[in-house]
Amino acid sequence: MKTPPSGIPKPEGTYPPTEAMLAEPVPEDLAKAQTARLRKAWAAPPGWRYPSAVNNTEVGKWYCMTALSFMLMAGVMALIMRLQLAVPENDLVSADRFNQLFTMHGSAMMFLFAVPLFEAISILLLPGMLGARDMPFPRLSAYGYWSFLIGGIFVIGSTFFDAAPRAGWFMYPPLATEDEGPGSDIWLLGLSFIEIASIAAAVELIVGALKCRPPGMRVNIMPLYAWYVMVVGGMILFAFPPLIAGDFLFELERSFDWPFFDPTRGGDPMLWQHLFWIFGHPEVYIIFLPSIAIAAMVIPTVARRPIFGYSWIVLSAVGTGFLSFGLWVHHMFTTGLPSISLGFFSAASEAVVIPTGIQIFAFLATLMAGRVKMTLPMLWISGALAIFTMGGLTGVMLALAPFDFQVHDTYFIVAHLHYTLFGGMVFPVIAGVYYFFPFIQKKLLSERLGKWAFWLIFSGFNLTFLPMHLTGLWGMPRRVYTYPTDLGWDGLNMISTIGAFIIAAGFAIFVWDLIRPKGHQPQIPRNPWDAGTLEWTHDVPEETWGVRSIPHVTTRYPLWDQPQMQARMDAGRYYLPDAEEGKRETLVTSVIDAEPIQVQRVTGPTWITHLAALFTGGAFIFPTFHLYPPAIVSGALAICCIIWWLWTSTARPPEADSKDVGLGLRLPTYAAGPSSVGWWAMWITMLGDATAFSSVVFGFFFYWTASPDFPPDGAAHAAAGWVGLAAVAFALNWMMTVGARQLNRAGSVGAARLCLVLAPATAALGAASLIVSVWGLAPESHVYPAILWALTVWIAAHTGAGVIMQLYCLAGSLFGKMTPRYDADIWNVSLFWHFVTISALVTCAVMGLAPEAL
Amino acid sequence: MTEERTPDRREDQKEFAEEEASLLKITLGPLIWAAHFVVCYGLVAVTCAKGWDIGAVRIGLGGLSALALAGVLWVGWAAWRQWGVTTTGDRVNRLGSAEDRHHFLGHAAFLLSIISLIGVVFVSLPLVLIGGCQ
């Protein structure tokens, strides 16, 4: 089926720019007028409207500070735990309170600090490194941030009401499923909400790194940070969805007693462990890689030479990304799996050391080959490398199953994981804070306070966690709230507690340095570290436009190798130096070679994201207290907000089809299908969605593998006739959706509209038939009907979303938002339906064929 | 090794044209590793749970491992040719030209195929060294 062209013009004019074009000066009065227009278009809203800003610089800052606040709270919880453990048989806190503290410490550090901080830092820095004006979807970042704030406060706030989750941060059933009170629900729903915000950020960052690079920045010269962002974004898409699927099953069990993890009715708690750790282990690398990416930016600067082994670092990022998905069972070595299975995971756990080690060696080689200038960021990086290496070594030990059997669930594990997380995340991130602070705040942090903070945290850290290896080897289990005196653990625990307070003192100094008033500080130099990458072309004092003009980049370290670039950027010599219509715009370039292909309008300040986040929050938070009607109302309002947001400000027909972007180049202002950023965002989102769906299907086959009677003898099955009808209806729906896209493009608007009327009807018929097919089954009775119901609920919910999208396109067609020429919406919707149709047909196959086949 | 050099005229300009799929191509080696890993783990898990013949499965998976190794070697060889270090003498590919991007993607794919090779060998070892489902 060949798609007719839409008639949107192709890029025209000169590219790449010639040296003569670049050398020609910009007339002064023109430059002045451009500057004024640009400044006006990108200004953050003043006064009380400030929170409605969506600029990546503002949202990124809020995001970072929020994550820091949650981290400090989780740190205080750790201090309380250390106080409780300082002496044997202590009664400072009760056992129940202690359970809440360690559960929330782990959950908050992971879900409210480490992962969101990656997103926060990337949103803040990535556009600068890529010379872009902003991220491609600023409102999506803002929506993600407000969701994170609401969800985070809800989850961590439960601690103050003595209602926090208390089954450990990995929520193993049956402990977590049977737990009384709302703790487990708060964990499940609150964190699911935040996970969805994470996926939104991942989509934004991947599209940013792939499509918003400056012209000329091919993949072999992009900053290493962008490589890491791409890898980590990809990992989030495959790691978070299994957990979301797990949460979905878990919450169905908690709320409606569907027995997914209850062995008395055919369920299996091991399924949760698998789904959790398929998420949980890659997650460690999701935290580690972007932090080490900061080291990859700092090290060339301090060594004053290009990174040694650029391709090797790309290898290690991509290789670690893949291998980290083959490790999850090393958290489950003691669950009684066949030893040959343990062998696979042990082998993969040892293999992942190789790429991880390669990047460390590449860093060391760069430092050895360069002339190192010891700066404060470098001090923190050195600490990171030392600590991370020690954590890595105990990791190699733990990857060996027999050793793990001995120390499983002891303080040895606690020591190991803190060494990897402090070395792999906390230290490099603090290095990044010192390094990028001049870029973020246009101020410098104190050298003296920074050294104090470093030595306190570094020595305190080792004092706390080095003895824990021994505490663990001497048998102290993790998560006990107290211990008797005669086991030889007393002294070691006291040392750890003292160390913990030294770390806290270091953090107090660091945070003070961060927030102390710096008004008296003189204006800083623009590139205080003499770095070579694009973010250091920033404007001092601050401008909100990102870059004055988007440069043509031909080297890995443009500030070192393209000496005239800075002056030309400032003069507005390069691309998009103006905002003639007073609208925010950035360049979209091709994926591999970064050839300019489109001018993308980006959205400005708004309150709709706040409303959407608030109502989405309601949809997740009300069910925690079993308040379903308000949750449904809240969800409906969230959908209305999002529709309004999309309708008013995305993929609107432009005033003109193309515009002059400078240097003799004319670019289209509208794109549909694979060349548009929206289509990429949909594609990436649906990849994550497909992963979550696969996890539910995996659950089905897991039950079949794990239990001898699945489906149980004589069990009622889904009604085959209705399942067949559903499959036919979904196939018809798909044909009509794609048909609508093709007919609309070909100009047959009336026929396209007819398709868009019929498609939702067939989709609804499909979902209804599926529901009818399982209607007679009792999901509380056994896991077999429960999983069939779960699949049905999944498909029905997606159908609902898909129907709304089809009607959105129909409305677009009726009201002139969508025309044969400007048809991005229907392209994205048909992409959505490609995925959902496959999911629906797989579901029909599982329901209809499995009873015969298994 | 980092100074400017004139592009090799023998190489066809078209070869360096934008390779949309090439970003995915560099993940081919790791994808073979992943597929091999999933099949090994999944099949062994089902075999042990259902009491199938683990001996036969081990032999079959041994054959699969040989196939996976051959696949990775082929990917590595193609990537080595794309990198072309023996003809260009350039190990760094740091310039913003289509040619350097082309060679760079070859280099990255080559290195990834080495890691995948090690990964496949590592993951195959339990099949050889561990007797069965106990």
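Chain A holds 26 helices and five strands, where helices (H or I, at least four residues) and strands (E, at least two) are DSSP runs numbered from the N terminus. Its radius of gyration is 28 Å, close to the 29 Å that the globule rule gives for 854 residues, so chain A is as compact as a globular protein of that length. Here the radius is taken over C-alpha atoms, and the rule is 2.2 Å times the number of residues to the power 0.38. Along the principal axes, the C-alpha trace of chain A spans about 80 × 75 × 50 Å.

A word on what you are looking at: this is a predicted model, in which local features need pLDDT of at least 70 and side-chain atom pairs count only at pLDDT 80 or more, while totals for chains, interfaces and linings use all residues. Residues are numbered from 1 along each chain as its sequence is written, chains are lettered from A in the order in which they are written, and side-chain values use heavy atoms, leaving out hydrogens and water.

Let's step inside chain A. Buried residues account for 65% of its 854 residues; buried means under 20% relative accessible area, exposed over 50%, and partly exposed in between (1.4 Å probe, protein chains only). Of the contacts in chain A between residues at least 6 apart in sequence, 81% join residues at least 24 apart, with contact meaning heavy atoms within 4.5 Å.

A:Thr320 sits in helix 10 (residues 310-323) and is buried, its relative accessible area being 0%. Leaving aside residues up to four places away in sequence, A:Thr320 touches A:Tyr285, A:Leu289, A:Leu315, A:Val352, A:Pro355 and A:Thr356. A:Leu379 belongs to helix 13 (residues 376-398) and, at 12% relative accessibility, also counts as buried. The C-alpha atoms of A:Leu379 and A:Ile354, 25 residues apart along the chain, are separated by 25 Å.

Finally, turn to the neighbouring chain. In chain A, 44 residues are in contact with 46 residues of chain B. The area buried between the two chains is about 3900 Å², and carbon and sulfur atoms give 75% of this; buried area is the accessible area (1.4 Å probe) that two parts lose on being put together, summed over both. On the chain A side, A:Phe322, A:Ile340 and A:Phe344 lose the most area to chain B, together 19% of what that side buries.
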